[in-house]
Amino acid sequence: MESDSSNYTLCDDTSQVRIAFFSIGTCLSALGCVFNGVLLYIFLGKTQRSYPFQTFLAFLDFMLCALYIHCFGLLSISVEYKIAFLYNFVMDSNVVTLVMSRIVQLSIPYTLIANSAEKLTMILGIDCESQFSLRLRIGVILLLLGTATSLRINGLYLYFIDEDENCDFYHRKWLSSHQEEQAKWIHFENVLTFFHTFVSFVLLCALNIVVVAKLRVQHRKTRRQSTSPAQLFSVYFRNFLGSKSITVLTPVGNTTTQTLETRSTTARVQAAQEIREQQHRLRCAVKTTVVIISAYLACNLVNFILYILETFRRSWIIEANGAFKPFYVIISDLGSNLFVFSSTIRIFIYYKYNHEIKKLIKDIWVVNYIIQQAQPPKADTLLKIDKVDV
């Protein structure tokens, strides 16, 4: 999003193609605000388990969509319908919203990395539900937010709103940068962009591969454990005996022996079922993370390609007068829309793979009403006539 906002022409003139991209992105962002607002409502007050990384990610997605609407949606509306006060409000606050969007965009991939690392520790059998683990994850979130803010706050000094009184009123302001400050921060920005775009992309790909591989190994191990007598007895002993003292039962006859055999068989079945349920919950949690990361990587692929062009083939995207070529601007708009799209669709991924969140989403009265209206009416059983042989 940040590369879309800078314009080095004398008068800001947005093409119709860009306006179309802005319109699509604004609609996606509006849906994203609603969907991520629902996720925040669920994560903060309805779930039995704690979801700190998912809650923070939903907050970041909400902010990203809201900032897109502010930067591009409201600007397009003000220009299209000639609303002077709205145009001035959006443009005069554009530097602040740009810095905020840069902070959000930097935080999202590393939040996904932290979430992937958490799922990897779950696969390895480390307890992630203790109070210490919860405080540790909250500390990681605060560290991420503080680091991203400190790294991107310099944008307040780099950028400013330029204005040309000779231009049309709704095209006289645009975002520009101080050349002296830009030269001072050029190496820092290049390194930060490298970590933001390239390193985070590679880390997420690598973590995705490792998590999927570990999950497959764990799945095979679970299948062996569910039929292992020693493992089944361990689970049975933990769940059914549970106390410090053990009562030794001495069989007195065939009836007692049969009773003990029946209890033993039932215990083994229940223990196997518990192992499968625990691993099913783990697989669902990991699948949710893997699909979210895969969607992010797919949608962020355009920005990754643009970074390669900016770094190694900059002459391909720059005009002789220093402005960006039209194809680069359009691809940047596409990348921004895909970035917003990845933030909008996360609720559907949770709905598909997380049973607890799916149930909580369906319990919301609006969603429940829509589901009921979408279902076909049930046939009246009183009007059914069964065929009778005569």
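A crossing of two helices is called left-handed if the near helix is turned anticlockwise from the far one by less than a right angle, and right-handed if clockwise. Keep that for a minute.

Some ground rules. What you see above is a predicted model, in which local features need pLDDT of at least 70 and side-chain atom pairs count only at pLDDT 80 or more, while totals for chains, interfaces and linings use all residues. Residues are numbered from 1 along each chain as its sequence is written, and side-chain values use heavy atoms, with hydrogens and water left out.

The chain as a whole comes next. The protein chain has 15 helices and two strands; helices (H or I, at least four residues) and strands (E, at least two) are DSSP runs, numbered from the N terminus. Of its 390 residues, 41% count as buried. Buried means under 20% relative accessible area, exposed means over 50%, and partly exposed is in between (1.4 Å probe, protein chains only). The chain exposes about 22,400 Å², and carbon and sulfur atoms supply 64% of that area. These areas come from the Shrake-Rupley method with a 1.4 Å probe; for residues, only the protein chains shown count as cover. A contact means heavy atoms within 4.5 Å. Among contacts with a separation of 6 or more, 77% are between residues 24 or more positions apart.

The axes of helix 2 (residues 16–45) and helix 12 (residues 326–344) come within 8 Å and cross at roughly 15°. Axes here are lines fitted to C-alpha atoms, for helices over the stretch in contact, and angles run from 0 to 180 degrees between N-to-C directions. Helix 2 and helix 12 are therefore roughly parallel. The cut-offs: angles under 35 degrees count as roughly parallel, over 145 as roughly antiparallel, 65 to 115 as roughly perpendicular, and the rest as oblique. The crossing of helix 2 past helix 12 is left-handed. Residues of helix 2 that take part include V17, R18 and F21, and those of helix 12 include V329, I330 and D333.

Take R18, in helix 2. Is R18 buried or exposed? Its relative accessibility is 11%, so R18 counts as buried. R18 and D333 are 315 residues apart in sequence, but 7.2 Å apart in space, C-alpha to C-alpha.

A second pair: the axes of helix 3 and helix 6 (residues 131–152) come within 9 Å and cross at roughly 30°. That makes helix 3 roughly parallel to helix 6. P52, F53 and F56 in helix 3 meet L134, R137, V140, I141 and L145 in helix 6.

L75 also lies in helix 3. At 15% relative accessibility, L75 counts as buried. Leaving out residues up to four places away in sequence, L75 touches H70, Y87, V90 and M91. L75 and Y87 are 12 residues apart in sequence and 6.0 Å apart in space, C-alpha to C-alpha.

Between helix 3 and helix 4 there is a loop, which holds K82. Most residues other than glycine have a negative phi. K82 is not a glycine, yet has a positive phi of about 55°.

Last, helix 4. Which residues of helix 4 (residues 84–92) are buried? They are L86, Y87, V90 and M91. Seen down the helix axis, the buried residues fall within an arc of 120°, so they line one face of helix 4; the arc is that of the directions from the helix axis to the C-beta atoms. The face turned away from that buried side carries the exposed residues F85 and D92. The buried residues of helix 4 pack against helix 3 (52–80), helix 5 (94–123), strand 1 (159–163) and strand 2 (173–177).
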